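Colleague: I am new to this structure and would like to learn how to read it. Could we take a few features in turn?

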Amino acid sequence: MTELPTQREIDAAIARLSALPGGFHPHRDYGPYRSSVLRHPEQALAVVRDPEAVELSGPVFGVTDVTALDSDLTRGGPGEPQGQRITVTGVVTDRSGKPVRGQLVEVWQANAAGRYAHQVDQHPAPLDPYFTGFGRCLTDDDGRYAFTTIRPGAYPWRNHDNAWRPAHIHFSLFGTAFTQRMVTQMYFPGDPLFPYDPILQAVTDQSARERLVATYDHDLSVPEWSLGYRWDIVLDGPSATLFEDEDL
């Protein structure tokens, strides 16, 4: 088995790369995020000659319409999931600040113990039988989305020795077609794991990195029910939210 890099080695690599001049987006083969070296594209993008054929082979999201129940991740079973209940909401806008309505927004995340309800996740943390960890909604006429969920826990990953990912929620947004899908991550303010996470540290532009972190909003907190977080998403332009398909 290949020996994993130490945190000190990863920190040194991040510092070295952060000092290099670069653009808005991180390098696709960002060394400290080790799997990006193996997964990033090395060939030119293929031109799709028949966009309609891509649509026909695209993913299918079930046979039912998106309902209000789909946005509540705490209603996954006959019991209550474990952890701190939270409300996450925000507005999806374009580069001019115009709300984007009717946008399909999907989320998935680990449970409060830092484990995904997926067979690939073998992290020895407890599974929650009442928490599926995924949901979806459509933005309203004002471009707003909202989810009720559980604050996810941090979890280990074998990127380097003693590597832990900060708590985060994955977001997926669809435009008018499946080929316009964009995937990103939302983080929570004040997480002590930020400096140790190569994925977040790959975003060397400080303002872009800050836009990936939600803001606690006490006015969004529901008395005796949930804490509120606001996270607005900008699809393009100078203030765009950084998306995974564009960077890592």
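**Reading the model**

Modeller: Start with one side chain: a polar atom of the side chain of Ser 71 lies 2.9 Å from the backbone oxygen of Ala 68. Keep in mind that this is a predicted model.

Colleague: Where in the chain does Ser 71 lie?

Modeller: Ser 71 belongs to the loop between helix H3 (51-56) and strand S1 (85-93).

Colleague: Is Ser 71 buried or exposed?

Modeller: A residue is called buried under 20% relative accessible area. Ser 71 has 15% relative accessibility, so Ser 71 counts as buried.

Colleague: Which residues is Ser 71 in contact with, leaving aside its neighbours within four places in sequence?

Modeller: Those contacts of Ser 71 are Arg 136, Cys 137, Ala 146, Phe 147 and Thr 148.

Colleague: And what about Pro 21: buried or exposed?

Modeller: The word exposed is used over 50% relative accessible area. Pro 21 has 75%, so Pro 21 is exposed. This proline also sits in a loop, the one between helix H1 (7-18) and helix H2 (34-39).

Colleague: What else describes the whole chain?

Modeller: The protein chain has 5 helices and 11 strands. It has 248 residues, of which 44% count as buried.

Colleague: How does one look for empty space inside a model?

Modeller: Rolling a probe the size of a water molecule over the atoms shows where empty space is left. In this case the count is 2 cavities of 30 Å³ or more. The second largest cavity holds about 30 Å³ of space.

Colleague: Which residues line the second largest cavity?

Modeller: Its lining includes Gln 109, Asn 111, Arg 115, Tyr 116, Leu 127, Asp 128 and Phe 131. By type, the lining residues of this second largest cavity divide into 5 nonpolar, 4 polar and 2 charged.

Colleague: What does the UniProt annotation say of residues 88-116?

Modeller: The unreviewed UniProt entry gives residues 88-116 the annotation "domain: Intradiol ring-cleavage dioxygenases". In the model, residues 88-116 are 0% helix and 38% strand, with the end C-alpha atoms 19 Å apart.

Key
Residues numbered from 1 in each chain as written. Predicted model: local features only at pLDDT ≥ 70, side-chain atom pairs only at ≥ 80, totals over all residues. Heavy atoms only, no water. 1 Å grid on protein atoms, 1.4 Å probe; cavity = no way out; pocket = protein on both sides within 12 Å on 5 of 7 lines; lining within 4 Å. Points joined across faces, edges and corners; volume = space filled by probe spheres on them. Nonpolar A, V, L, I, M, F, W, Y, C, P; charged D, E, K, R; others polar. Helix = DSSP H or I, 4+ residues; strand = E, 2+ residues; numbered from the N terminus. Buried < 20%, exposed > 50% of the residue type's maximum accessible area, 1.4 Å probe, protein only. Polar contact = N/O pair within 3.5 Å; in protein donor to acceptor, adjacent residues only side chain to side chain. Contact = heavy atoms within 4.5 Å. UniProt positions renumbered as here; feature names shortened; annotations may be inferred.
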